[in-house]
Structure formats: C-alpha cells, structure tokens
Amino acid sequence: MSTKDRLVVILTALNLEYEVVRERLSDLKVHRHAAGTRFEVGRLGRGGCRVALALVGKGNHPAAVLAERAMAEFSPAAVLFVGVAGGLWPNIRLGDVVVASKVYAYHGGTSENDGLKARPKSWEIPHEADQIAHHVARSGRWRDGLAAEPYPATVHFGAIAAGEVVQDSAVSEQARWIRQHYNDALAIEMEAAGVAQAGHLNRALPVVVVRGISDHADGTKTSTDGHNWQPRAARHAAAFAAALAQELVKNSPTRATSDTDSDRSAPVRMTNRNVATGNARVGIQAGQIEGGVVIGAGAGADQPADLAASLGELRRDLKQAHRDGGLDNDTYEAAEAELDTAADCVREGVAGSRSRLLLALRRLRGLVGEVTELAAHLAGIIAAVKALQ
C-alpha cells in the first residue's frame, strides 16, 4: 500500500472542532457505517494522506465507542483526537497546543471512611508517535497558513486529565482533586480517556490527543469564549494535527518499501510440520525471520478448512465466555452475528470475500476485546487471514 493510500482517523467532540478540520480536507465523500455513524473521508490538502473524520460528541464513553468503530471500519495508521481544552497552568497560554504524552482518567477512585482515594488509570503516547510529534513541533511548519497572532502558538507535551464534567473553577472540589492527584496535568477535557482506551484495546494502535487551549478552567470560560478563543484554539490544534497526520503516515510501519529493502520484505515461503501427542496443540513453529511468511501450499493457497475449524473453536469459547458472565446478552448476540458473517465468508471462499471476512473479524474483536482469551484467539485468526494470498 502506498503512503498516499494510508489513512488516519481524526475524531472531534464539537462541531466547531469538526469544521476546522474539515476545512483542511479535499475530495470529501460520505462513508456510512452500518450502525448509523457518518464519516467523511478525504485528503489533507491536494494529494496529502487520506483522513476519515467523525464527530463523537461530548464524554469519554461515546468517544470510546465511536473510536473503536472507526478503528474496526478503517484499520487506520493512527487515530488523532483533536479539539479544545482548558489549560491548568499559567505558562499554558490561550491558543497554545497541548499534545498528550499521557492521558489520565481522573474520575476513578474508591470511597473509604477517611475520604476518597484516587485509583489512577492512564495511557501513554506510543514512543514513535511521540518522537514524530516532537519533530513536527520543532520544525514549526505546522503554523504555516495560520492567521497572525500577537504571539505564536507554542506546543507543549504533557499529561491531559479527562473526566466527565466541564471544569470551570480553580477552587472547586474537583479542581482541588486534580491538583492533589494529577498535579502534572497541563490541560483538562472530557474525551481523551475513552479514545486512548479504544486504542489500547486495538493492539496498541497509535492514538495522539491534540488540544488547543481555549480557556484556563478557572471561572473565566464565558469571557474567553466571548473573545472567540474556542475557534482560534481549535484551528491551532487542527493545524498541528494535519502536519502530524502526514508524518505519521510517512512513518507508518506498513508503508511502501523502497528498492533498498525490497529483498528483506519479500515473502518467505516455507513448509513446517508440527507434531503433538495427547491433548497438546501446536500452532506455528519458526526460527527468526524477516519479511512476510506464507504457510501452506504456496502463493495463492486458501485454507478454508483450517479457518472453519478455528472459527468453530472461537464460537465454543464465545459461548463459554457468555456462560461465565464475561459477555452480556446483547454483546454476545452481536458477536454471534459477526461470527456468522465470518463463517459465511469462509464457506463462500476466502479469496472472493477476504475484505468482508476481515471486517467481520475486526468488528467481532471490538465486541469481545476485553475478554483476553477471545481477543488473543481472534488476533491469530486475523493474522492468518491477512497472510492468505
């Protein structure tokens, strides 16, 4: 797949955030998800990387659900969450951009006789994405095209606290809680934890949260909103996110290889015989190799019998997880429906329905991702389908 064909998902919570990102896209086409979500898919500028844009609304829970939906639908190189936030420190000026090196879900805790105790949950930005974001910030080219301001927007890297309420006070109980337990947080908002969790459950898919500072979360929000700091901060965040998206795609692990490394990326075809006795089961045995691996008769080989057996085992595990209480009824029924679709694809022939099969498996992974054994089993099946040529 060429660099230009790689896709980045950009999600926003507010319409004004959506619009400033949308202004940077060309050749827009509506992409309708089966559950009703509408994405707009286009390119950054003319000939830039592909972007799927969606509005998730306020709150960590809808952000998590729709982020997972986008990841399953598009298999993106990365997901960016872009918008505005409240700054928590005086050195974070209005219009500055904060890139989350860490995201806190700060509403977790336990209530005991001597008070509420924090139980922190956090997600860190992947190392490579962090390195790329710092490179983009250092170059300064992300500011090209922005309206002249009294001072140039600065990019800060640090923790962002994500909760379920709008904070607009420096002296409230919540403000005290943040200062006491999440003192390194540079900004506060309401969606990043959900998106970060979705990325974590999707095999550590890179998620980067980019926030423009539109207020100081200190009781002055009405005043700063009245001075149009929300759209200005959103434009700054969108500008940085656009530059970052381009660089993330260029550095995507699955980008097209150059002539110099084509010999390393060529598929390695091999035959391997595994022997087990008793109740033992053997998967794949291989030494250390580089490049792709094709297991089976050779190029173009299809293995519907093996896939059908794997799906049968997965169905049994799914039923057991439901009986054990790991899946509620609605999730189990939805998972069964996706598994039925996958089984139909295998019966029809993988060669002709590979894309539909992968989509069903990815949706199934999104439904059962919190059940470790099911997620691991699915990861193996998905890898096997991808290896088929």
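Trainee: Is D215 buried or exposed, and how should I read its relative accessible area?

Mentor: Buried means under 20% relative accessible area; in this predicted model, D215 has a relative accessible area of 5% and therefore counts as buried. D215 belongs to strand β12, which covers residues 207-215.

Trainee: Which polar partners does the side chain of D215 have?

Mentor: The side chain of D215 makes a polar contact of 3.4 Å with the side chain of S214, and a polar atom of the D215 side chain also lies 2.8 Å from the backbone nitrogen of A217.

Trainee: Which residues does D215 touch, not counting those up to four places away in sequence?

Mentor: With that exclusion, D215 touches A85, G86, G87, L94, K221 and T224.

Trainee: Turning to charged pairs, how many salt bridges does a search of the whole structure find?

Mentor: The search finds 16 salt bridges. One of the pairs is D96 with R93, whose closest N and O atoms are 3.9 Å apart, a value to be read against the limit of 4 Å.

Trainee: Where in the structure do E173 and R176 lie, and how should I read their spacing?

Mentor: The general idea is that an α-helix has 3.6 residues a turn, so residues three or four places apart point the same way. Here, E173 and R176 both lie in helix α4 (residues 173-181), three residues apart, or about one turn of the helix, and their side chains meet in a salt bridge of 2.4 Å, N to O. E173 is exposed, with a relative accessible area of 54%, while R176 is partly exposed at 32%.

Trainee: What separates the closest N and O atoms of E348 and R356?

Mentor: Those atoms are 2.6 Å apart, and the two residues form a salt bridge; E348 counts as exposed at 55% relative accessibility, and R356 counts as partly exposed at 39%. Elsewhere, salt bridges that share partners join E17, E189, E191 and R211 into one network.

Trainee: E17 also brings me to helix α1, so which residues of that helix are buried?

Mentor: In helix α1 (residues 15-22), the buried residues are E17, Y18, V20 and V21. Seen down the axis of α1, these buried residues fall within an arc of 165 degrees, so they line one face of the helix.

Conventions:
Residues numbered from 1 in each chain as written. Predicted model: local features only at pLDDT ≥ 70, side-chain atom pairs only at ≥ 80, totals over all residues. Heavy atoms only, no water. Helix = DSSP H or I, 4+ residues; strand = E, 2+ residues; numbered from the N terminus. Buried < 20%, exposed > 50% of the residue type's maximum accessible area, 1.4 Å probe, protein only. Arc of directions from axis to C-beta. Polar contact = N/O pair within 3.5 Å; in protein donor to acceptor, adjacent residues only side chain to side chain. Contact = heavy atoms within 4.5 Å.
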